[in-house]
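This report goes through the secondary structure elements of one chain and how they pack. The sequence and the structure come first.

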Amino acid sequence: MKQMYIGKSGIQVSALGIGAWAIGGDSSWGPSDDSESIRTIRRARELGVTLLDTAPAYGLGHSEEVAGRALEGRRGDYILSTKCGLRWDTDEGSLHMERDGVKLRRNTSAASLALELERSLRRLRTDYIDIYIVHWQSLPDFPVPVSETMTFLLKAKQEGKIRAIGVSNVSAEQLTGYLTCGQVDLIQEKYSMLDQAKGDELFGLCDRNGVTFQCYSPLERGALTGKYKVGDPVNMGRAKAGIKWYKPEFLPRITALSDAWAPLCKKYGCTMTNLVAAWTAAQGNGSNVQVLVGARTTAQIEENVKDITLEDADIETMRKDALAVEHGGA
Ligand SMILES: NC(=O)c1ccc[n+]([C@@H]2O[C@H](COP(=O)([O-])OP(=O)(O)OC[C@H]3O[C@@H](n4cnc5c(N)ncnc54)[C@H](OP(=O)(O)O)[C@@H]3O)[C@@H](O)[C@H]2O)c1
């Protein structure tokens with residue numbers, strides 16, 4: 001499995017990481033089988049995946065708890081990232097969303113983060129987080145200066161509770177604000193071959209500042225595996241419902257993409273999912289993109305982990321085909 005460094009932190013990870021959002025279950029993804037989730041996290045490591053990403057908000061603590069159980073006795077084998085800045089147990093903060101009757105609020109104040117960090121450490125059964133990521137940024141009705149958030153994070157780093165700082169769902173302006181306060185080693189952003197806007201906005205800034213661009217939902221929450229056809233039963237939790245490529249006007253175009261890429265799959269001895277992950281990893285400056293793929297079954301992770309390097313001409317063909325999906329298909 002290819003390796004890379006996270007920003008300037010000195011932390012080395014596999015270029016493909018496993019994301020544990022779906023493992024949290026709830027209405028976002030529908031129910032998850034915890035035993036299978038644990039097997040999946042451990043199987044990922046056997047296959048060479050060293051980075052595991054979770055967050056308190058995934059299943060309101062459930063994803064972190066399952067991750068904590070999976071890593072028990074093997075914590076040192078993983079680079080663990082979790083997040084902060086979303087609370088569901090207080091009225092203090094801006095409304096982020098309401099899910100299953102619970103209001104999630106954005107709160108990146110130092111006092112709130114201090115509480116969250118201790119809770120995450122407990123749920124994860126560890127005394128340090130490798131990469132601690134500010135999940136969503138503060139909104140005008142509960143503004144928290146980035147300097148306050150960063151002062152807390154830098155102190156947590158000095159104390160050895162976290163090893164590196166990440167931020168997520170940021171604009172270029174917000175990332176610049178963080179960088180003026182101190183070292184940020186990673187940003188985590190929605191990016192896929194069908195949705196490249198955040199890369200266009202942030203690849204250059206990351207490159208210039210030695211920040212790793214970690215992309216989430218690179219498979220468009222399963223749509224880009226090419227496995228779903230119109231009319232197929234899809235477990236359509238909120239996470240997938242938010243993906244436009246599952247809609248009947250787009251899904252046939254992805255099927256067409258999968259057909260068009262059959263020769264590429266044959267050439268590289270891989271599946272469409274592997275092509276998509278490899279294409280994504282080749283973006284940015286070619287070595288600063290980390291691909292975070294969600295999986296909650298051993299079958300999924302066994303398929304998703306495949307080390308392939310695409311030729312430049314194939315990367316270009318895939319780029320053009322992907323851009324055509326929006327406007328009518330390959
Ligand atoms: N910072 C943020 O705001 C943010 C937001 C979203 C995600 N993330 C992180 O990024 C990670 C990855 O993103 P994501 O989970 O949204 O999307 P993703 O990686 O694009 O898709 C993951 C989902 O695709 C399906 N899938 C994966 N491999 C498959 C395979 N081989 N065959 C068929 N289906 C397959 C599974 O759905 P089923 O389980 O339903 O089968 C899986 O849960 C998350 O887990 C999370 O850690 C962060």
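## Helices H5 and H6

The axes of helix H5 (residues 146–158) and helix H6 (residues 172–181) cross at roughly 50° and come within 9 Å. That angle makes H5 oblique to H6. The crossing of H5 and H6 is right-handed. The model behind these values is a predicted one.

On the H5 side, the contact is made by Val146, Ser147 and Met150, which meet Gly177, Tyr178 and Cys181 in H6. Sorted by type, the residues of the contact of H5 with H6 are four nonpolar, two polar and no charged. H5 also lies across two strands, E9 (129–134) and E10 (162–168), and runs at about 155° to E10.

## Helices H2 and H3

Helix H2 (residues 34–46) packs with helix H3 (residues 62–71) at an angle of about 55°, and their axes are 9 Å apart. H2 is therefore oblique to H3. The crossing in which H2 passes H3 is right-handed.

From H2, the residues in this contact are Asp34, Ser37, Ile38, Ile41 and Arg42; from H3, they are Val66, Ala67, Arg69 and Ala70. The contact of H2 with H3 divides into five nonpolar residues, one polar residue and three charged residues.

## Burial of H3

How much of H3 is covered? Eight of its ten residues are buried, so that H3 counts as mostly covered, a residue being buried if 20 or more other C-beta atoms lie within 10 Å of its own. The buried residues of H3 are His62, Ser63, Glu64, Val66, Ala67, Gly68, Ala70 and Leu71. Of these, Val66, Ala67 and Ala70 also take part in the contact with H2.

What covers the buried residues of H3 includes H2, strand E4 (51–53), strand E5 (79–84) and helix H4 (110–123). After H3 comes Gly73, whose phi is positive, near 80°.

## The barrel

Eight strands close into a barrel, in the order E3-E4-E5-E9-E10-E11-E12-E13, with parallel pairing. On average, neighbouring strands of this sheet are turned by 30° against each other, direction ignored.

Two of the pairings can be given in more detail. E4 and E5 run parallel and are joined by three bridges; the bridge partner of Leu51 is Ile79 in E5. Strand E11 (residues 186–190) is joined to strand E12 by five bridges, and these strands also run parallel. Here Ile187 stands opposite Phe213 in E12.

## Burial of E12

Strand E12 (residues 212–216) is mostly covered, with five of its five residues buried. In a regular strand the side chains alternate between the two faces of the sheet. In E12, Thr212, Gln214 and Tyr216 point one way, while Phe213 and Cys215 point the other way, and all are buried.

E6 runs antiparallel to strand E8 (residues 102–106), and two bridges join them. Within this pair, Arg87 stands opposite Arg105 in E8.

Most residues other than glycine have a negative phi. With 16 other C-beta atoms within 10 Å, Arg125 is partly exposed.

Asn169 is another residue other than glycine with a positive phi, near 55°. Its place is the loop between E10 and H6. Asn169 has 17 C-beta neighbours inside 10 Å and so counts as partly exposed.

Methods
Residues numbered from 1 in each chain as written. Predicted model: local features only at pLDDT ≥ 70, side-chain atom pairs only at ≥ 80, totals over all residues. Axes fitted to C-alpha atoms, helices over the stretch in contact; angles between N-to-C directions. Helix = DSSP H or I, 4+ residues; strand = E, 2+ residues; numbered from the N terminus. Parallel < 35°, antiparallel > 145°, perpendicular 65-115°, else oblique. Left-handed = near helix turned anticlockwise from the far one by under 90°. Contact = placed C-beta atoms within 7 Å. Nonpolar A, V, L, I, M, F, W, Y, C, P; charged D, E, K, R; others polar. Pairing = 2+ DSSP bridges. Buried ≥ 20, exposed ≤ 12 C-beta atoms within 10 Å, placed from the backbone.
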